[in-house]
Amino acid sequence: MALLRRIEKMQLRQNYRNLWHADLLSTIQADTPYCCFALWCAPCVSYMLRKRALYNDLSRYTCCAGYMPCSGHCGESECPELCLCAEVFCCFGNSVASTRFLLQDEFNIQTTQCDNCIIGFMLCLRQFACIFSIVALIVGSSEIREASQWLSCIAETVYCSVCACMQTQHKIEMDKRDNKFEPNPMLGIPTVQQMSRFDQAVPPFVGYAPQPAYGYPHA
């Protein structure tokens, strides 16, 4: 029953109408410093984002945001900080995905086809690298073993990069939620000096005098 509920929830997310404020391809350009921070300090970023997604109230914390079978059975109510630390370090991928599902369900955000392709490619590449490593271990060939190591390195690089982009995407969405974007000065109300008034004197003309139009006398 729990598996069926999760499948129904995944299908329901495809009917959400809202979109992420920035897709995975534009997160690096949208917030480059934070994307680098998420790449090199991924578990710390996952901890901070989950806490921020819960509005800094860890009394609401549940392991993997309630999306995994272990949720609610790990002593979260007694020591949520320790449980969250264990989650982001021991189950980093699940922690990122759980924060993503939490934000999607809260704001009715769907994942675009492009984001789905990127995430699917990352998962398939890791699975293929794992299968290739098992084959290299069984065969025992040094060439296949070296090729599997290169493939595993590429898969891990893609995994870390996509996770960093996903966490930056979550951060940008919560910046939008918490109104942390700077207002655009071009959209604000013009100042008093910029407003026109009818009782202001007409400034003197500078330059050539206006020429009368052809066929009409000069007023």
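Biologist: How many of the 219 residues of the chain, as a percentage, count as buried?

Modeller: 32% of them do. Buried stands for under 20% relative accessible area, exposed for over 50%, and partly exposed for anything in between, with a 1.4 Å probe and protein chains only. Keep in mind that this is a predicted model, where local features need pLDDT of at least 70, side-chain atom pairs count only at pLDDT 80 or more, and totals for chains, interfaces and linings use all residues. Residues are numbered from 1 along each chain as its sequence is written, and side-chain values use heavy atoms, with hydrogens and water left out.

Biologist: What makes up the secondary structure of the chain?

Modeller: Eight helices and zero strands, so the order from the N terminus reads α-α-α-α-α-α-α-α. The assignments are DSSP runs, numbered from the N terminus: helices are H or I with at least four residues, strands are E with at least two.

Biologist: What share of the contacts with a separation of 6 or more comes from residues 24 or more positions apart?

Modeller: That share is 73%. Contact here means heavy atoms within 4.5 Å.

Biologist: Why is His170 called buried?

Modeller: Its relative accessible area is 1%, so His170 falls under the 20% limit. His170 sits in helix α8, and leaving aside neighbours within four places in sequence, it contacts Trp20, Leu49, Val96, Thr99, Arg100 and Leu103.

Biologist: And what makes Ala129 buried?

Modeller: With 4% relative accessible area, Ala129 is under that limit too, so it counts as buried. Ala129 belongs to helix α7 and touches Leu151, Ser152 and Ala155, not counting residues up to four places away in sequence. Ala129 and Glu156 are 27 residues apart in sequence, with their C-alpha atoms 9.3 Å apart in space.

Biologist: How do you know that α4 and α8 are roughly parallel?

Modeller: Two packed helices are described by the angle between their axes and the distance between the axes. Axes are lines fitted to C-alpha atoms, for helices over the stretch in contact, and angles run from 0 to 180 degrees between N-to-C directions. For α4 (residues 42–53) and α8 (residues 142–177), the angle is about 30 degrees and the axes are 11 Å apart. Under 35 degrees is roughly parallel, over 145 roughly antiparallel, 65 to 115 roughly perpendicular, and the rest oblique. So α4 and α8 come out roughly parallel. On the α4 side the contact has Ala42, Val45, Ser46, Leu49, Arg52 and Ala53, and these meet Gln167, His170, Lys171, Met174, Asp175 and Arg177 of α8. By class, the residues of this contact are five nonpolar, three polar and four charged. Ala, Val, Leu, Ile, Met, Phe, Trp, Tyr, Cys and Pro count as nonpolar, Asp, Glu, Lys and Arg as charged, and the others, Gly among them, as polar.

Biologist: How do you know that the length of α6 is close to the expected one?

Modeller: α6 (residues 92–107) has 16 residues and spans 23 Å from its first C-alpha to its last, against 22 Å expected. The expected span is 1.5 Å times one less than the number of residues. Buried residues of α6 include Phe92, Val96, Phe101 and Leu103. Leu102, also in α6, contacts Arg50, Ala53, Leu54, Ala65 and Tyr67, leaving aside neighbours within four places in sequence.

Biologist: Which residue follows α6, and what is its phi?

Modeller: Asn108, with a positive phi near 55 degrees. Asn108 is a residue other than glycine and lies in the loop between α6 and α7.

Biologist: Why is Asn108 called partly exposed, and why is Asn56 called exposed?

Modeller: Asn108 has 38% relative accessibility, between the two limits, so it counts as partly exposed. Asn56 has 54%, over the 50% limit, so it is exposed. Asn56 is in the loop between α4 and α5, and its phi is positive, about 60 degrees, although it is not a glycine.
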